[in-house]
Each structure stands twice: as C-alpha cells, then as structure tokens.
Amino acid sequence: MDSRHDDKRMNVEDDRLSSLPDCLIHKILSFISIKHAIQTSVLSSRWRFIWTSMPYLSLSRDDFTLLPKFSEFVTHVLSDRNNQTEVSSVKLTLHGEDSDVFVKQIIKYAFSHNIQTLNVATVLESDVQIPLFLFSSRSLKHLSFMMKCSAVRQYRTVVEYLPYYFKATSTWDFPALTTLYLHSVTLCCDERNDPCIDLFSKCANLKDLTIRDCYMNGFEVVSICLPLLSNLTLEQSISGSVKDINIVAPQLKNLTITDFQHKNYLISAPNVVFLLYKGYHCLQPPANDFLSLEKADICVFYPKCAHQVLCLLQRLHSVKFLTLSLEIVERLSSSVELLSNQPSPYANLKSLMIHPGQLIRSRERVKMAAEVRGYLLDSSPGATFTVYSYEYIRVMYGTKLAQDHIKKLRTFLEKEKAATDTKMAKIHEQGKADVDIDMSLKDLSVQVEKGKRKASFIISILKDINQVLEKLPASTRATIQPSISTLRAEADTVMKKITDCIKMDLQLLKSVLS
C-alpha cells in the first residue's frame, strides 16, 4: 500500500513539473549543465525536445573524461538544437589542449543567435586566439573571460600570461555591454594601429569593469573613459608596455586598484564613494577632489615622496572611514615640516586605522609624529583611532591564509566526492556488453594519472596548512585545529573513494577480458 501511494505521489509531482510552461522548465534546467539537461529527455514525450529550445547553454569539459567524447557532444548539441531559438546565455568551462577549437566553434554559434551573456573559464595548456568577430556585438550585455589554474599548478608553479589572446585591431564595439570581466587575458596591439587606441570607448553602457592579471603588448596608454561606469577594479591588472592608465568616469562609485608596478594613473572620478589602493608606489593625486568619498583604504609599501603623499591625502578630505598603511605615516613623520601651517582637512572623519603594509619587517614599534596625528585627527576629535601592530597583522594574515586553504580544499573534496559517487554508480549500472575495451583502457590510464595529481594536490595543501599553523600562536592554532582534523578525515575518505573508483574500473575491464 505504501509503495503504491509513493509511486502515485511521485507521478503527481512529475505531472506538476511537466505542466509548467517551457520558459519555467528552461529556467530550472539552466542551473545544470546542458549534458544533464539532455538526460531529462527520457522522462516522457513532454521532455523529449525541451532541451532543444533552451536559451541557456552550459558546456563543461569536466563532464567528459576524453576529449573526443566532448567534441562529439558539442557537435551534437549545436546541430540538434532548435536553430530558431536565440541563445541568451553561454557558460563554457574548458581545460587542456585544443580548447581554442571549442571556444571559436561555440562562440561563433552563440553570436549568430544574439547572445546576451558569455562566461568562459578555462585551464589551458596553450594560447587561445579569440575570433575577431567577438569585438563587435549588438546584443552582448555581460562578458567574462577567466583563466583558472589547475589544482596542482595553483600551488606549485607561477601562472604565465597568454592563456587568452586578443589581437586588438580596433575599438571594441559593444553598445549593450554592461559588465566586462577579464582575467589573465592578453591584448596585443597591431603594429599598424595607434598604441594609444581606446578599446572601451564604444562600450557606452558599461557599468562594471574588472581587469585582473592581464598583459598588454604594444599599448602605451590604456584609456577607461566611460560615462556610466559605476564599479572599476584593476587588480595587478595590466603588465606589459603600458605606461599610463587614464580613467575618466563621472559616475564611478567604487574604485579598487592593486598595482605592484610603476604606472601613472590619471584619474577624474569626482563621485567615488569607496577607494582602495594598494601598491609599491604612491597613487598620483586625482584631477578632482573625491567629494562624495565615505571610505578609503590606502596602502603604499614604499612611499618615496612625502609631498605626493600629502597631496593625495588632501584629495580625500571628505572621507569618513580612513585606513592608511604605517609606511605612509612614517614617511610623513620624517617630513613634518610639510605639515606646518596645514590645518587638518578631515572634518567628517569617524574612524582612522593605521596598519603595517609589509609583514616581513621585524620592528614592532609604530612611529607616528605628533604633527602627523594632529593633521589627521584635529578636525575630528571624536573619531576612533586604531593602530595595529605587526604581530597582530601577521596573526590575522596567517589565520586568513589557513582558512582560505581549508575552504579551498573542502570545496575540492566535496566536488571530488560527488564526482566519484556518480562514477561508481555509473560503473555499477554498466554491463559488460556496454564496455568498449580500447576506450576503457584509455579512460583507465587517464583516471590513474588524474588520481595521482589529485592525491598530490590534497597532500600539498595539507602541508601548506601545517606550515601556516606552525607560525601562529598556540591559542590561534587551538581554534583552527578542530577544522583541520575534520578536513584530514574528509581527505582520507575522498582519496579512498578515488582509489576504489579506479579499482572498480579495473575490475570491470578484467571481467570483460576474461
């Protein structure tokens, strides 16, 4: 009775889902890859062709052990899909060599179907030259290119540039684009073109721009002159031949710059509310005061010119929450004559924090001249004032580093546990007649090699965590230790699952050969 009742209830629930309009079913299926979406076609005749009209395509190389299988699948999806249906979103995850073929094939298809969102993330062995037609699209609103590091490389080697390769022959023409994210992208200026070409000038609706770890060859000036830009992040952003970065953004609210080279930033953004700058050298004072500024975090490791530091601080006079690196304070303290007859400009200040930018120095005492303290605080006597010691920052940094390692490894372990469980279930269901011996041998060889790399990665992170913990005080280690113990147990379980999965593959192959 109970079994019949359960079957009836499941049928009713299935009917309820099937009765939803296609657009809602498409939205539900958009949270999984297109491979798994296609698998729903066996549920009933209602579901048979649902996937063919999905406007969302999520293609992942991770769903396939062998490259030929992925290639065959991509061809199947693009050829069998309803060609009259537009593609609103493509998410593409690739790794290994020959990925440029898939990038070009899929992007070309998507752009011919009025794509609005394109998100490409890869772990690549070789360069990928992006097709020239990508530089112009009337429909594209969100574009993201991100180079990921493989698990082992991320911890053991330096990631080189040139994973993505754009040859910039003209200004990018994206009139509808609102979000652009570039990570580890190479932009090469054609020798026949102006080295000061303004790539983004035809992206008039761009509101969010992020550039991380990118390389520019042949450019001398990068101009970011965008009337609607609201959020700009440049993190270790541009290396190569670039000397000047010109930012003109009247609507800019949030500005983040991390720069460990020596570039000139020419900034005109009077409405900035949040400013974060971290670099070896001082940021050039902006063309205008930041009149709407509420929070600023300025960290300079080697401030050489006290006058330039003072000019920058004067531009921040409207700030409410100010954080400065100790190196800035020490530079001003060595040139207190610049502060004579200079009134404190910070009438709105509510909080001032001072912290060391460099953690390798052994000196613990913070040196801050009375004139510097007066310059920063006299106009806001009610503001809170906090100075962090080197030891405190070291402990905080070490704790965060350990927690980041733990989070990264736990995410990896959860993903691997799910993948091995799925693989084991598939092996159990697979009959001897379904086994292709040649393909299985190749698959087994790949699995063994991957298993070695995964085990090496797990062990390397656990070692990294131990090295970090050794440098922390005993009281801090005690608070983290329970998480470490749990993580080690999870790591042992996952490594055993990986080994068991390989053994099951081997056992199935043996049974077929015998």
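Rings of Phe, Tyr and Trp (its six-membered ring) pair if their centres lie within 6.5 Å; planes under 30 degrees apart count as stacked, over 60 as edge-to-face and the rest as tilted. With this rule I looked up the ring pairs and found that they link Phe260, Tyr280, Phe301 and Tyr302 into a cluster.

**Entry 1: the model.** I note that this is a predicted model, in which local features need pLDDT of at least 70 and side-chain atom pairs count only at pLDDT 80 or more, while totals for chains, interfaces and linings use all residues. Residues are numbered from 1 along each chain as its sequence is written, and side-chain values use heavy atoms, with hydrogens and water left out.

**Entry 2: the whole protein.** I looked up the secondary structure and found 12 helices and 19 strands; helices (H or I, at least four residues) and strands (E, at least two) are DSSP runs, numbered from the N terminus. Of the 514 residues, 44% count as buried. Buried means under 20% relative accessible area, exposed over 50%, and partly exposed in between (1.4 Å probe, protein chains only). The protein exposes about 26100 Å², and carbon and sulfur atoms supply 53% of that area; the areas come from the Shrake-Rupley method with a 1.4 Å probe, and for residues only the protein chains shown count as cover. I then turned to contacts, where contact means heavy atoms within 4.5 Å. Among contacts with a separation of 6 or more, 67% come from residues 24 or more positions apart.

**Entry 3: an aromatic pair.** The structure holds nine aromatic pairs. I examined one of them, Tyr346 with Tyr375, which is edge-to-face, at 6.3 Å centre to centre and 80° between the planes. Tyr346 lies in the loop between helix H8 (326–333) and strand S18 (351–355), and Tyr375 lies in helix H9 (residues 370–377), so the pair ties together parts that are 29 residues apart in sequence. Are the two residues buried or exposed? Tyr346 is buried at 0% relative accessibility, and Tyr375 is buried at 3%.

**Entry 4: an open sheet.** I looked up a sheet of three strands; it is open, with the order S10-S12-S14 and parallel pairing. Strand S10 (221–225) and strand S14 (264–268) stand at the edges with a single partner strand each, so one side of each has no neighbour in the sheet. On average, neighbouring strands here are turned by 10° against each other, direction ignored; axes are lines fitted to C-alpha atoms, for helices over the stretch in contact, and angles run from 0 to 180 degrees between N-to-C directions. Two strands pair if DSSP finds at least two bridges between them. How many bridges join S10 to S12? Five bridges join S10 to strand S12 (residues 244–248), and Ile224 stands opposite Ile247 in S12. Tyr265 lies in strand S14 and is buried at 2% relative accessibility. Tyr265 and Gln284 are 19 residues apart in sequence and 6.2 Å apart in space, C-alpha to C-alpha.

**Entry 5: Ser144.** I found Ser144 in strand S5 (residues 142–147). Ser144 is buried, with a relative accessible area of 13%. Leaving aside neighbours within four places in sequence, Ser144 is in contact with Leu118, Asn119, Val120 and Tyr181.

**Entry 6: cysteines.** I looked for disulfides (a pair of cysteine sulfur atoms within 2.5 Å) and found zero. Cys311 is partly exposed at 24%, whereas Cys23 is exposed at 54%.
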